[in-house]
Amino acid sequence: MRVAHMTTGITVTEARAATAPGRLTQLQALEAEAIHIFREVAGEFERPVVLFSGGKDSVVMLHLARKAFWPAPVPFTLLHVDTGHNFPEVIDYRDAVVAEHRLRLVVASVQDAIDAGAVRERPDGSRNALQTVPLLDAITTHRFDAVFGGGRRDEEKARAKERVFSLRDELGQWDPRRQRPELWDLYNGRHSPGEHVRVFPLSNWTELDVWRYIEREGIHLPTIYYAHERSVFLRDGMWLAPGDWGGPRGTETVERRTVRYRTVGDMSCTGAVESGALTVDDVIVEVAASRLTERGATRADDRASEAAMEDRKREGYF
Amino acid sequence: MGTTQHHERDLLRLATAGSVDDGKSTLIGRLLYDTKSVLADQLAAVKRASVARGGAVVDLALLTDGLRAEREQGITIDVAYRYFSTANRAFVLADTPGHVQYTRNMVTGASTAELAIVLVDARKGVLEQTRRHAAITALLRVPHIVLAVNKMDLVGFDEATFRAIAADFARYAADLGVRDVQAIPLSALEGDNVVDASTRMPWYDGPTLLSHLEDVPVDRDPTTEVFRFPVQVVIRPRTAQHPDYRGYAGRVASGVVRVGDEVVVLPAGGRTRVVGIDTADGELTQAFAPQSVTLRLADDLDVSRGDVLAPADTPTVTGAGLVGTVCWLSERAPAPGARVLVRIGTRTVRGLVRSVGSRLDIDTLTTDERATSLALNEIGTVHVRLAEPVVLDAYAEHRRTGVFLLVDPADGSTLAAGMVGPSVLLAASNEPEQCRAR
């Protein structure tokens, strides 16, 4: 048997020093992997689209896509599924980014789908699950064949089993039992007409990795990710923002709190957390110390059942 | 400011093999929990689910068994990826199920792993299953193995039991050509030697599992590898600022490339020189694996997706006849004459299966030379004739580029995962029988 090798701190420092070829840091390795994935899609697909909500994961995706093709412009369209219950700060941010980088944005509207009778408003006012129909309609209409999503495997247990290239059938459905084995860095994107592939370049990132990368790259985010004073009310242990979507109700009372958002989605199901984190550094400290996952803390939609995410994914959700 | 630290930590990808019976889920649960990677709401959800199933104790397997079918049937179907980190290193753990379709899942998990944890129950020692897991790890040439001898609490933390199991496994691993094995006695349930050193095994002076994972040196040294660069896309902005820019974007698969290096474009064979290495963060003088970069070349050659850049001064094998060791991943068995697509590097070419032979028995490490087909989860050799030549790097020397997929042209499904070379397995497969039979 061999002797256990205890690497000394000095050796490690030397190996990582200077410009000699060596080992990438974790963030460099994750960035190199994500850039590789973006380029694979550019090489293998005809009409890729990036899901872009203005949320931090989609912002990081866009940043990586820009780096992957520099000095050429991003060769992908952006798609936003607008629930009609978005935070105005986030919509402003989205439009500013699109203008700044001269991107092409397609907006799929849940309100339009409701008006057309394609989906029906739910009694609790949440439009999160209603996004699936307009999303799939947009994919069909524009014949998108690869759809980049910001999903991460650390987010949720069904996502922990999803591939980087995840095939969806003609109905947009995910069948976890029929997933293709994914080996080495050989991603198989073959699909039949009508099918498409969801692609997750951030699969191996954690929430903390995303924040550290935002810090390292100096990425600008919508303001609601940082502490601000806001009128909120408590429902199911989450601080929700009042709005036309259906709150507050009954005995729920609105109060002023200093909060920030860990995730950004539909206002009806995205809760704020009480926080004094004003900067990226503050947020990193807070996330590192958190005892709750971002979805557990702020997403009503994942609390519905043990397999809530899997069920939505099967139907074609992000 | 504050407590934010700018750790320059690195990344280790690892895979675990073993069954629930060996305490694998408990071990992973312990690693995640003790590194504070399982948060309160996840644990609460697992507790609720455990109670709902009538369980008396918290079932940590529910942390990893994420799919409805898995929870309902109490089995693990698919590879799950888990994330945890310490101050020095971040870990991506591919958790592969021990029972159902173990070969396919283990091959998938091991394909990107630099270290594999093979789990055994101290009461049972090295079993057939342990040998299978070790053989697949060796087949995929995962550089480091940890033999985790679990449930030491159930054998009274007995040193002799541990030594015997470790020696038994070491002999087998040596037969497989595995160079680095670290055996660790532990109790996942009680936490001994997982994260904290056990006080109940004073005779063991080696590392705990986590400290070994943190300290294991990563063999990979790009300066000892031969440069390979599969071209992914050609970057041609044709913008006002960059009207004539032309760069070849890809990931350095192995080795190092420097500005000024003479390179050959394969398979066509044209020669040129690297005049620039670009990233969005600025120009580099050199790039190494696994960096994603864009190369500019001196000459206006025909270079496109699927081509491979390699050093001009070292020999490279290209050819249209592929002999590979494959793990068959599909229920559709291969047959001579079958049309397939071969994905190798960034290139996809049409191919024709010429023959299937020498099926490997993973239990005995013997090969059946009379085999004419392969079933799901079986490992064997295939000969494929390709419509055009490709770079053929032997997997034994090129773990990153000597790999390929066989894809069904009809529906695009992945039929097989392959490694270039007739017998990637192991010096052992050519050795006399008595070396392997126990």
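Modeller: A residue is buried if 20 or more other C-beta atoms lie within 10 Å of its own, exposed if 12 or fewer, and partly exposed in between, with C-beta atoms placed from the backbone. This is a predicted model: local features need pLDDT of at least 70, side-chain atom pairs count only at pLDDT 80 or more, and totals for chains, interfaces and linings use all residues. Residues are numbered from 1 along each chain as its sequence is written, while chains are lettered from A and ligands numbered from 1 in the order in which they are written.

Colleague: How many helices and strands does chain B have?

Modeller: Helices (H or I, at least four residues) and strands (E, at least two) are DSSP runs, numbered from the N terminus. Chain B has eight helices and 22 strands. Of its 438 residues, 51% count as buried.

Colleague: Is H6(B) enclosed or open?

Modeller: Largely enclosed by the rest of the structure, because 10 of its 12 residues are buried. Among them are B:His133, B:Ala135 and B:Leu139.

Colleague: What do the buried residues of H6(B) pack against?

Modeller: Contact means two C-beta atoms, placed from the backbone, within 7 Å. The partners in chain B are strands S1 (10-17), S4 (115-121) and S5 (144-150), plus helices H5 (102-111) and H7 (159-176). Just after H6(B), B:Arg141 has a positive phi of about 55°.

Colleague: Does B:Thr224 count as buried or exposed?

Modeller: Exposed, because B:Thr224 has 10 C-beta neighbours inside 10 Å. B:Thr224 sits in the loop between helix H8 (209-215) and strand S7 (229-235) of chain B. Its C-alpha is 26 Å from that of B:Ala135, 89 residues away along the chain.
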